[in-house]
Amino acid sequence: MTEDYLRKIGLRIRETRIQRSLTQAQLAERLGTSQGAVTRIERGLQNLSLDMLARIGEALDAEIVALGSKPEAPGPTHLRVTGPTTLSGSIAVKSSKNAGVALLCASLLNRGTTVLRKVARIEEVNRLLEVLTSIGVRTRWLNEDGDLEIQPPAVLDLSRIDVDAARRTRSIIMFLGPLLHRSADFQLPYAGGCDLGTRTVEPHLSALKSFGLAVKATEGSYHARVDVGTSPERPIVLTERGDTVTENALMAAALSPATTVIRNASPNYMVQDLCFYLERLGVQIEGIGTTTLRVTGKERIDVDVDYAPSEDPIEAMSLVAAAIVTDSQITIRRAPIEFLEIELALLEEMGFRYDRGPEYLAENDRTRLVDLTTYPSVLHAPSDKIHPMPFPGLNIDNLPFFAVIAAVAHGQTLLHDWVYENRAIYLTELNRLGARVKLLDPHRVMIEGPTHWSGTEVVCPPALRPAVVVLLAMLASKGTSVLRSVYVINRGYEDLAERLNALGADIQTFRDI
Ligand SMILES: CC(=O)N[C@H]1[C@@H](OP(=O)(O)OP(=O)(O)OC[C@H]2O[C@@H](n3ccc(=O)[nH]c3=O)[C@H](O)[C@@H]2O)O[C@H](CO)[C@@H](O)[C@@H]1O
Ligand SMILES: C=C(OP(=O)(O)O)C(=O)O
């Protein structure tokens, strides 16, 4: 094998070992070799026989080398799922992607050190960390629990921004609110993310205009000019009740000593987490959890702060859907109940049986959590269509899970995804596994259940939730399925395959080298 190839395989082995939380000594023991040999393998200094590669793959429960791969760079990651699976046991919900990214952006408001506890180690967070590091912010994972320390420099170097990382995440748009206090003239690469069709930035620009921000879209970037020191003279009325736009307005208001009123604000979970963090920074906020926020900011924020964002209602819903589609009894611990109530009420109407434990508080001392135990249930289609709404409503990101749920329910379910132009279409990928999902128009699908799932190969649709929905259907599918290119899932879920395996799923991760 060439040295370069050995080095790539070594790196891949090392990454997988760390993902599995194994030390080199533990892996060596499983392989019946020495720790020194594992060190050499991981550094690409050891010639590897096919037999040894197979044993490493077995020890790490992952396919290390896939044939037909591109030699020049580690290729995309894929999943091989063997089903059908019945899940059992218990699983804790991780902190949310959407609060995580908002708080990373908000840490730019603070001259002091921010420690965020148990941040989900997901690709979306990684991209933002790359961007933050590139502009001079010192970021450091403190431990394996996902505690993250963030220390912005006195002066940000926006000219060195990691453009590639910035273009891979839409969350970068939330730099606008904090940056307008840092710089009178700056450029931000265009925002990316899932391919869900056009997502407007206009509400962000009109909300931030009253803080003196004017943005011109030039070749591939936003060119921002700020009339520094401007504060809103009247309430900001958001034209849409969007989550990130509310967060941008909040972050702009946090460094404005006047009182800013934001109307038609989103009261959704990530906005609440951001508010709780800003309160710890000394910003006063009235109306948290409602659609009118009154924010009294500070001229300068310089506080060493420690904050634990709450659990992810969308991950909790994903796990509920996993239990339903596999007809399993599992316990989902730490589910943020306020943000799941409508979903559960609808599921109850559809015949879903579950228990809800007593409420307790998340580590932020504000968000209410419960443990949910699911039971095998016979589901039937709801009498009305299912559609999402801004909070409080059935969460926009939870709608796709109702596609796979409707596919196991008896009868016809109409799903209306009015929000995203391109998302409903991806739900028809379930048909490859045996579902009957009919696209009525770009926003509506009719789903007929129940389904006899059968395994096949699918390339991940380029949208996070539809991709997870396909993975969940694969758990229920008979035989072997392959889900290709799962970056899109890793963008929003930490170790999803490994965590489902701990509940009894059989999912192998492999990657083109
Ligand atoms: C990082 C983050 O927090 N991302 C979430 C946030 O994205 P984000 O806040 O960026 O969502 P967008 O602003 O893109 O809104 C999503 C779509 O909904 C439309 N829209 C939204 C609100 C409204 O009252 N009316 C309306 O028409 C928008 O025009 C857009 O087409 O909110 C989305 C909608 O909940 C979620 O899918 C994302 O997971
Ligand atoms: C659409 C989503 O998020 P984002 O705003 O990160 O694209 C999602 O989480 O389903």
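This is a predicted model: local features need pLDDT of at least 70, side-chain atom pairs count only at pLDDT 80 or more; totals for chains, interfaces and linings use all residues.
Residues are numbered from 1 along each chain as its sequence is written, and chains are lettered from A and ligands numbered from 1 in the order in which they are written. The protein has 17 helices and 24 strands; helices (H or I, at least four residues) and strands (E, at least two) are DSSP runs, numbered from the N terminus.

**Overall build**

- For 513 residues, a compact globule would have a radius of gyration near 24 Å, and the protein agrees with that at 23 Å. That radius is taken over C-alpha atoms, and the globule rule is 2.2 Å times the number of residues to the power 0.38.
- Along the principal axes, the C-alpha atoms fill a box of roughly 70 × 60 × 45 Å.
- Of the 513 residues, 48% are buried. Buried here means that 20 or more other C-beta atoms lie within 10 Å of the residue's own; exposed means 12 or fewer, partly exposed is in between, and the C-beta atoms are placed from the backbone.
- Take the contacts between residues at least 6 apart in sequence: 75% of them join residues at least 24 apart. A contact means that the C-beta atoms of two residues, placed from the backbone, lie within 7 Å.

**Domains**

- The protein splits into domain 1 (3-66), domain 2 (82-94 + 311-512) and domain 3 (97-307), with bounds that come from an automatic or database domain assignment.
- The centres of domain 2 and domain 3, taken over C-alpha atoms, sit 29 Å apart. Their contact takes 24 residues from domain 2 and 20 residues from domain 3.
- On the domain 2 side of that contact, helix H16 (residues 487-490) gives the most, with 3 residues.
- By class, that side of domain 2 has 12 nonpolar, 4 polar and 8 charged residues. Ala, Val, Leu, Ile, Met, Phe, Trp, Tyr, Cys and Pro count as nonpolar, Asp, Glu, Lys and Arg as charged, and the others, Gly among them, as polar.

**Inside the protein**

- The largest nonpolar core has 146 residues, and Ala403 and Ala473 have the most contacts inside it. A nonpolar core is a set of buried Ala, Val, Leu, Ile, Met, Phe, Trp, Tyr and Cys residues joined through C-beta atoms within 7 Å.
- Helix H15 (residues 464-476) gives the most to this core, with 11 residues. Domain 2 and domain 3 each put in at least three residues.
- Leaving aside neighbours within four places in sequence, Ala473 touches Val325, Val404, Leu430, Leu433, Ala435 and Trp453.
- Helix H5 (residues 97-106) is mostly covered, with 10 of its 10 residues buried. Lys97 and Asn98 are among those buried residues, along with Cys105.
- The partners that the buried residues of H5 pack against include strand E4 (114-116), helix H6 (123-134) and helix H10 (243-254).

- Strand E20 (residues 436-441) and strand E21 (residues 444-449) pair in the antiparallel sense over 5 bridges; pairing needs at least two DSSP bridges between the strands.
- A hairpin through 2 residues joins E20 to E21, and Lys438 has Met446 of E21 as its bridge partner.
- The peptide bond from Gly449 to Pro450 is cis, with omega near 0 degrees. Pro450 sits in the loop between E21 and strand E22 (457-459).
- Gly83 and Pro84 are also joined by a cis peptide bond, with omega about 0 degrees. Pro84 belongs to the loop between strand E2 (77-83) and strand E3 (88-92).

**Loop residues to look at**

- Most residues other than glycine have a negative phi, and most peptide bonds are trans.
- Lys118 has a positive phi, near 50 degrees, and lies in the loop between E4 and H6. Lys118 counts as partly exposed because 18 other C-beta atoms lie within 10 Å.
- Asp495 has a positive phi too, near 45 degrees, in the loop between H16 and helix H17 (496-502).
- Ala463, in the loop between E22 and H15, is buried, with 23 other C-beta atoms within 10 Å. Ala463 and Val488 are 25 residues apart in sequence but 6.4 Å apart in space, C-alpha to C-alpha.
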